[in-house]
Structure formats: structure tokens, C-alpha cells
Amino acid sequence: MKLLKIFTPVITLLGVVSCSSEISVADQYYLNKTGMSFDVTGAELGECGLVSQFERGRSSSSQAAGGG
Amino acid sequence: MKCTTLAILGFYGSVMILSGQDFASSLASNEPSKGLSLGASSVDFEIDGLFSSDIKVIDSSISFEQAIGSLTITGSYGITEHEVDVIPPPGSFILPSSRNEDTYAYSLGVSKSIRSDLLLSITGSYTDGFSDHRSLWISEFYENSFGTGDPQPESFSINVGIDWDYDPGRSSLGFTFGYSDARIVAGVAIDPITFIDLVVGDNNLDTFSGSVRWETALNPRIKTQQTLQVSITETRQHRVQFRSDWAFRLRDDLYLRGQIGGAIENPVFESIYGGLTLAYEITPNWQFDVGYRYYEDTGEINTANFNTAAPGVVNTEISAGLLWKNQNTSIRASVALYDSDFDPVGSGPNQVFTNLFRDRDFVAARFAVSHQF
């Protein structure tokens, strides 16, 4: 319930901001750039994965149970 | 590393032999042949480091992606070097010690376009060794305290994914389902009844997980991605995670990325995190970025035994990175200052891990190269 309270504003913002604007071919060029992409890998990925050892609440779906 | 390079070259050579093509001519041309047609390919090399006064972790990996006909094959091989200095709590009869261990990680995956807008993928991974420095620290402490022997942690996981571009170029949905089987460092404690015998916790845990991801361009300058994930680990209740990512094109050469997320797991675990990154294109080939992240949780769910749960933590990170890229190659270097502050471990059995769960300052560094053929 607490999680839902925190992220309700995010969901609301999505609904407010989701105006149906046209996406042109020129816009596609910028939308596919590194700064606008969420699925980059390799050298274009900016995050250091090792800090996940300290952040168990931010694990990915493929991470094993771990523990110790 | 040499063996991996040879393996990748061997893979290319084998495919050429099977397809009846000359190796050199196939690299020069992408024309389809009577056999398998080799499409685009890429190779990534990455090295990450995390350093403090008593913990050092260095992770090196190489990965590849190769299109063959309608399939795309992916694979990776990585080595993580863990070094920890194990310092027992004050007044302990156990002497300090140091330990180094390497962890090896392998993955292999395949994906196929079922339709022009539908992609199916499956990936298997295997890890041989300790999953993180904390497991290594606890294992060394148990060995020094109880003579528990040398554990052999390992894990296997498999993930299936479906990606649907229901509005090509603008919006997509993704679903993943995963299963992992992990053999961990079991928790150890003194039997509260006999005060002589040792009680060893479960060292084999299964985890099932599923996630849904929605990505869309709201307008020409704003993209967003929402991810909801549910995972269930043996002996624990289900964990729900939510993450919201945003990307803003402030100018044609200036981008702002933000993220906010959190997780909950009964009975007591909650986490929340967020971050901002500002990226500036100095030239079409050079990009500089700075970022800040914050993470906080209420303390870890105890998986194996009552004295292995980490207390609550607050982490902050400030980072800077430089990216160079042209049509086929990208090279990135970045450095970060990472501060980790734990809550006190309290006066219970967890006191033995006082020096494991103490405040630390880390330096994190990353270097990566990606090349497309």
C-alpha cells in the first residue's frame, strides 16, 4: 500500500502528460539516441553494476537469490 | 581471456563451415547465401571496479551478439575477483584474515522475430562462485569461527522474454518470466538449546520471477518506461518492485534522465531509490554526463539464518562519465564516489557482523568498449 501511495503521482503524471503528439522521422532520430534509450548495453550503458551488491531492493529479474 | 577470444573465433569459424561459406568473403559481404546468412554482429568488453579500504571487487566480461538468418545469438563470459579483509568484532578471539575468490559467469541466449512486431527470446545463465563480497566475507568468518569448510556457491537461471512493438518506433510492451536455482553460503548459528551444536540453514534456494515493461514516447521530447516485477524466493514472501524511468530531450545536444523506484516484501522490507543524469553532447562523437543516485532500504530479509540479515542502509552516488562513439565503435570511461551508510547492527547475534555492515566510502570505476561489425 505504501508503494502504491508513492507511485500514484507517477501514474497520474503519465496520464496527464500522455498527450498524443505526432512522432516524425526526424524525431525518431533523436528518440533513438543514447541519451533517450532505456535498453542500451555495453559501452553506452552508464551504470556500474557492482553497486547492486549493496542494493538488494533494486535487483533485476535475472538476479539469483543470493544471501549468505 | 585468451580462451574466450578463441572460443568466439571458433564459433564464427564453425558457422562458416556449416553454411558452406568462405570465412573472409562472408565478412566482406552480407549478401544472403544458400546456407545460413550471417547478419549484424557486435562485441562488448567491460571492466568494472569497486574499491574501499577493506573490500575490492573487479568484474571483467566479454559478450557478443550475432544475427544468423532469423535468429539472434547472444553470449557472455565474465570473471569477478573478490577481495575482502575480514575483521572480527572487538573482543573476539578470532584473528583478522583476508580472502580472495574468483566468480565465473556464463550466459547464452537466442531470440527470434515471430512477426515484424513480436520478438521471443530465451537466455540461460550459470554462475560458479560467490555472488557478492558479502557472501565471501560471511563464508570466511564462518570458516574461522566454526570450521565450516569451503562452500561451493553456484547458481543457474533461465529467462524467457516476449517483446511486442505494438506501435513501432514509439511504444512497446515486454514480458519476462524467470527461474533461478541458487546454492548459497548457508547461515550458521550456535544451537540455542545445546549451546554446543551448530545449526546450519538451508543453502539451496529457488526463485521465480515475472515482469512487465511498458515503454512509450509521449511526445518528440519525452520517453518513459515503467517496469513492474514480482519475485518469489523459497522460504520468503513475494517481493513487488516498481520502477519508473524518464528521458527528456532538453535540447538536441542535452538530455536529462530520471528514475524512481522501490520494492516491498513482507514482513519488514521496503526500499526506495531515485536518480538523475544529465548528458551533454560536446560534439557528435563525444558525450559527457554527470549523475546522482540515492538508495535507501529498511533492512534485508534474512534468507538463510537469523544472523545474516543486513541492517537498513542509505547509499548515495555521484558519477561522471565520458563517451566516444562513431558509426561502429563506442568507448566509455566513468568514475563514481559511492557512500554506504548502514544502520547499527544492534545488540543481538548480528553483532558478529559489525565490521561487515559498517559505513564505507567506495570509488567505482568503469571502462567499456563496444564494436559492431
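In which strand of chain B is the place of B:Leu118?

Modeller: This is a predicted model, and in it B:Leu118 belongs to strand S5 of chain B, which covers residues 118-128. B:Leu118 counts as partly exposed because 13 other C-beta atoms lie within 10 Å, while a residue is buried at 20 or more and exposed at 12 or fewer. Leaving aside residues up to four places away in sequence, B:Leu118 touches B:Ser113 and B:Trp164. B:Ser172 is 54 residues from B:Leu118 in sequence, and their C-alpha atoms are 9.7 Å apart.

As for the chain around this residue, chain B contains three helices and 18 strands. Of its 373 residues, 29% are buried. Where contacts join residues at least 6 apart in sequence, 49% of those in chain B link residues at least 24 apart.

The largest nonpolar core has 30 residues, and those with the most contacts inside it are A:Leu50, A:Val51, B:Trp137, B:Phe357 and B:Ala364. In chain B, strand S3 (71-86), helix H3 (133-146), strand S17 (329-342) and strand S18 (360-372) each give two or more residues to this core. Helix H3 of chain B supplies the largest share, five residues. B:Phe357 touches B:Ala310, B:Pro311, B:Phe342 and B:Val345, again without residues up to four places away in sequence.

One backbone detail remains. Most peptide bonds are trans. The bond joining B:Asn266 and B:Pro267 is cis, with omega about 10°. B:Pro267 sits in the loop between strand S13 (254-265) and strand S14 (269-281) of chain B.

Technical notes. Residues numbered from 1 in each chain as written. Chains lettered and ligands numbered in written order. Predicted model: local features only at pLDDT ≥ 70, side-chain atom pairs only at ≥ 80, totals over all residues. Helix = DSSP H or I, 4+ residues; strand = E, 2+ residues; numbered from the N terminus. Contact = placed C-beta atoms within 7 Å. Core = buried A, V, L, I, M, F, W, Y, C linked by C-beta atoms within 7 Å.
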